[in-house]
Amino acid sequence: MPREGPKQHERTRSLRCAWNALPLRCAQPRVEKFSRVEAFVNDVRRTSTEEDLKEALAAVTADLGFRYFALTHHVDVRASGNAIRLHNYPDGWAEWFDEQGLGAHDPVHRASNLTSVGFAWSSLEQMLVLTRRDRQVLDAARKEGIGDGFTVPAHVPGEAHGSCSFARASGETLGPDHLAPLQLVGALAFEAARRMKRERFSSAPVRLTDRQRDCVMLAARGKSDWEIARILGVSEATVGEHLRHAYERYGVGKRTLVAVHALFDGTIGFFDVLSP
Amino acid sequence: MAIIIEQGLAAPGSDSTLRGMFEDRKSVFVDLLKWDLPVLDGRVELDSFDDEHATYVIIAGQGGEHLGSARLLPTTRPHILGNLFPSLCAQKPPTGRNIVEITRFCLSRRQSSAERLHIRNQLVSALAWHALEAGIRTYTGVAEIAWLQQILAFGWNCRPLGLPARFDCGVLGALAIEIASDTPRLLAKNGIWELRSEPLVRIAEAA
């Protein structure tokens, strides 16, 4: 999004630095690494269960020199039951992570919502203002043996944000030639998981009517029912009715929450809300 | 809304839909994405590939206004992947009579996000429809990596042609999309297939 404030520049610079080191020519290792990605494309085409996908992902992760992978929707605020989550992190780590309720606060997830290109965890510092709790999370991960990592954001409009992360064993660092194959594997794996999830849960995403969407968008801009009524040329009662229906569809009871849900799943865009 | 398939020399001045398309391309690729592209009269984005060999798939509104479009280039002639980014392919860029490159996939910035998704769906559907009509088996394309997840999520049969790499305009990757009779079904399973009207095919007279 164009309105990110002064941090935007820093982020862009740090991401560019990470990718700058990429060779542009097809050197031999690039060709070999791409063959491994192509094999993964064929693997996931044949997989129909999450178990198979997990196995294929574990194999390609190891072949590309990494120890851990974690493919996840950052949170599914509507129905946590159909959020995607596949990983091979140490058991203790996943439990601790869940106990802390970190799904939405994990600094890696937060950073991933800010960019569409994969990023190294070493550049988190430039992407976010890290809080004390963020540093605790990163320290705890290191203590669990999770080393340097790379996260591929997965943004599909109209759906919850997600990502696919890869981490090396602690003590091993990330090299520039790791980025390109991981970027592809992350994107392909996320899509494969998404396809499986869709086949398993036929639940349609929340859909608002055009009028409900207009009301929610104006509410997100901070307009009152009266103001929305004036803008849309309808009665205040009608606006209230549209918003109530939107609350029901999301299963929430507050104006701010319905706006957050609609922004989160892409029913309305940040640009619609922030542009004058 | 109308779907227009425009073949032959599409001069920006020839009608308001085409003029709108070239203006929206400037707004999207030059103003928004900051690609280094030639701009004519400070208003339209038009390059050397916009010639009589290009085909345009266009979604237009009630009054003919441009809402979204893509440019198709034959791979048997100079095209973006083959001539500008061959290093994005692990092997030689695919070329052939049944292989066509999608370029300048453009959605008008005048629409809201929700409307843009509808227009995007119609454009993707029209591209699949056109491929099946015209006997195109494979679409290729160069995509900014942010786009890749979306292109995969359309649900059609899509594979990378090589590892992505960084260029001045961003991290780019090369893709191939196989089009077959089941493509509309695959798109429909993802809620993408939206073909509300039979596309209108216009073939320009050679000047």
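**Exercise 1. Describe the make-up of chain A: how many helices and strands does chain A have?**

Solution. Chain A has 13 helices and five strands; helices (H or I, at least four residues) and strands (E, at least two) are DSSP runs, numbered from the N terminus. Keep in mind that this is a predicted model, in which local features need pLDDT of at least 70, side-chain atom pairs count only at pLDDT 80 or more, and totals for chains, interfaces and linings use all residues. Residues are numbered from 1 along each chain as its sequence is written, while chains are lettered from A and ligands numbered from 1 in the order in which they are written.

Next, look at burial. Of the 276 residues in chain A, 36% are buried (20 or more other C-beta atoms within 10 Å of the residue's own, with C-beta atoms placed from the backbone).

**Exercise 2. Find out which elements of chain B supply at least two residues each to the side that touches chain A.**

Solution. Start with the totals: 35 residues of chain A and 21 residues of chain B take part in the contact (C-beta atoms, placed from the backbone, within 7 Å). On the chain B side, helix H3 (113–134), helix H4 (145–153), strand E8 (157–160) and strand E9 (165–167) each supply at least two residues. H4(B) gives the largest share, seven residues. Finally, sort this side by class: 13 residues are nonpolar, six polar and two charged. Here Ala, Val, Leu, Ile, Met, Phe, Trp, Tyr, Cys and Pro count as nonpolar, Asp, Glu, Lys and Arg as charged, and the others, Gly among them, as polar.

**Exercise 3. Work out how H10(A) and H11(A) are arranged: at roughly what angle do their axes cross?**

Solution. First, locate the helices: H10(A) covers residues 225–232 and H11(A) residues 236–250. Their axes come within 8 Å and cross at roughly 105°; axes are lines fitted to C-alpha atoms, for helices over the stretch in contact, and angles run from 0 to 180 degrees between N-to-C directions. Therefore H10(A) is roughly perpendicular to H11(A) (65 to 115 degrees). Now find the contact residues: A:Asp225, A:Trp226, A:Ile228 and A:Ala229 come from H10(A), and A:Glu236, A:Val239 and A:Gly240 from H11(A). By class, four are nonpolar, one is polar and two are charged.

Definitions and conventions. Buried ≥ 20, exposed ≤ 12 C-beta atoms within 10 Å, placed from the backbone. Contact = placed C-beta atoms within 7 Å. Parallel < 35°, antiparallel > 145°, perpendicular 65-115°, else oblique.
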